[in-house]
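Let's take a friendly walk through this model, from its helices to its cavity. Keep the viewer open as you read.

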Amino acid sequence: PLRFRKTAVPRWKKYRDLQACAPSWEHTEAAIDLQRKAYDYWEFYEGDQLMGYFVIRSGSGAIPQMGMRADRWNDLGPFLFARIAYGYGQLKMNNVAASAKDLLGLLRRRNLKNEINQHEMKLIL
C-alpha cells in the first residue's frame, strides 16, 4: 500500500538520494526556499520507506523537482504521476536533463510532449 503525505517542510537531504538528476539552478532547494510558501511538498511511502517525492507550484502546476527510488520508476512512477495529476490538473516541467532517462521515460509514457530542448553552454575561462 502506498501512502502520500503532504509536508510543510521539505526534507531536502532525503530527497537528494531520490533525484533522477541534479536540478537546474532555478529548481535547486535554495531557489525554491526563497518562495517556500508558493510550493506544495509531497512524499510517498511504501510502508515506512520513503519511495519518492514531488515539489509543485500549486497555482501553476509547475514541478521543479520530482524523484523516486531508482529501481522503482517503472512500477511506482505511474502512481506518483497519477497522484500529481489528480490533485493539480495541468502539469509542467522545465529543464529535465537528458541524463534523467527514467524520469523522461515516465513522462513519455504519460504522453507529455517535449516541446523545447535546452542545451548546456559552457565557456572555458
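## Ground rules

A residue is called buried when its relative accessible area is under 20%, exposed when over 50%, and partly exposed in between, using a 1.4 Å probe and protein chains only. Helices (H or I, at least four residues) and strands (E, at least two) are DSSP runs, numbered from the N terminus.

This is a predicted model, in which local features need pLDDT of at least 70 and side-chain atom pairs count only at pLDDT 80 or more, while totals for chains, interfaces and linings use all residues. Residues are numbered from 1 along each chain as its sequence is written, and side-chain values use heavy atoms, with hydrogens and water left out.

## Helix 3 and its covered face

Which residues of helix 3 are buried? They are Trp73, Leu76, Gly77, Leu80, Phe81, Arg83, Ile84 and Tyr88. Viewed down the axis of helix 3, these buried residues fall within an arc of 155° (taken from the directions from the helix axis to the C-beta atoms), so they line one face of the helix.

What covers them includes strand 1 (2-7), strand 2 (39-46), strand 3 (49-57), strand 4 (62-68) and helix 4. Contact here means heavy atoms within 4.5 Å. Arginine 83 belongs to helix 3 and, leaving aside neighbours within four places in sequence, is in contact with Phe4 and Trp42. The C-alpha atoms of arginine 83 and tryptophan 42 are separated by 9.8 Å, with the two residues 41 apart along the chain. Just after helix 3 comes glycine 89, with a positive phi of about 70°.

## Aspartate 40 in strand 2

Aspartate 40 sits in strand 2. Is aspartate 40 buried or exposed? It counts as buried, because its relative accessibility is 12%. Its side chain is joined to that of tyrosine 88 by a polar contact of 2.6 Å. A polar contact is a pair of N or O atoms within 3.5 Å; within protein, one must be able to donate a hydrogen and the other to accept it, and residues adjacent in sequence count only if both atoms are side-chain atoms.

Neighbours within four places in sequence aside, aspartate 40 is in contact with Lys6, Phe54, Val55, Ile56, Ser58 and Tyr88. Aspartate 40 and serine 58 are 18 residues apart in sequence, and their C-alpha atoms are 6.2 Å apart in space.

Isoleucine 63 is part of strand 4 and is buried, with a relative accessible area of 2%. Beyond its neighbours within four places in sequence, isoleucine 63 is in contact with Val55, Ile56, Ile84, Leu91, Lys92 and Met93. The C-alpha atoms of isoleucine 63 and glycine 105 are separated by 16 Å, the residues being 42 apart along the chain.

Glycine 105 is one of the buried residues of helix 4, listed with Leu103, Leu104, Leu106 and Leu107. Their cover includes strand 4 and helix 3. Asparagine 111 follows helix 4 and has a positive phi, near 65°.

## A contact between two loops

Serine 24 lies in the loop between helix 1 (12-16) and helix 2 (29-33), and it counts as buried at 18% relative accessibility. A polar contact of 3.4 Å joins its side chain to that of asparagine 95.

Asparagine 95 is placed in the loop between helix 3 (73-88) and helix 4 (101-109) and counts as partly exposed because its relative accessibility is 25%. Its phi is near 60°, a positive value in a residue other than glycine. Most residues other than glycine have a negative phi.

## The cavity

A cavity is a set of points on a 1 Å grid over the protein atoms alone where a 1.4 Å probe fits but cannot get out; lining residues have an atom within 4 Å of a point. The structure holds one cavity of 30 Å³ or more. The largest cavity has about 140 Å³ of space, where volume is the space filled by probe spheres set on the points, which are joined across faces, edges and corners.

Sixteen residues line the largest cavity, and Cys21, Pro23, Pro64, Gln65 and Leu103 lie nearest its centre. Strand 4 gives the largest share of the lining, three residues.

Terms used:
On a 1 Å grid over the protein atoms alone, a cavity is a set of points where a 1.4 Å probe fits but cannot get out, and a pocket is an open set with protein on both sides within 12 Å along at least five of seven lines; lining residues have an atom within 4 Å of a point.
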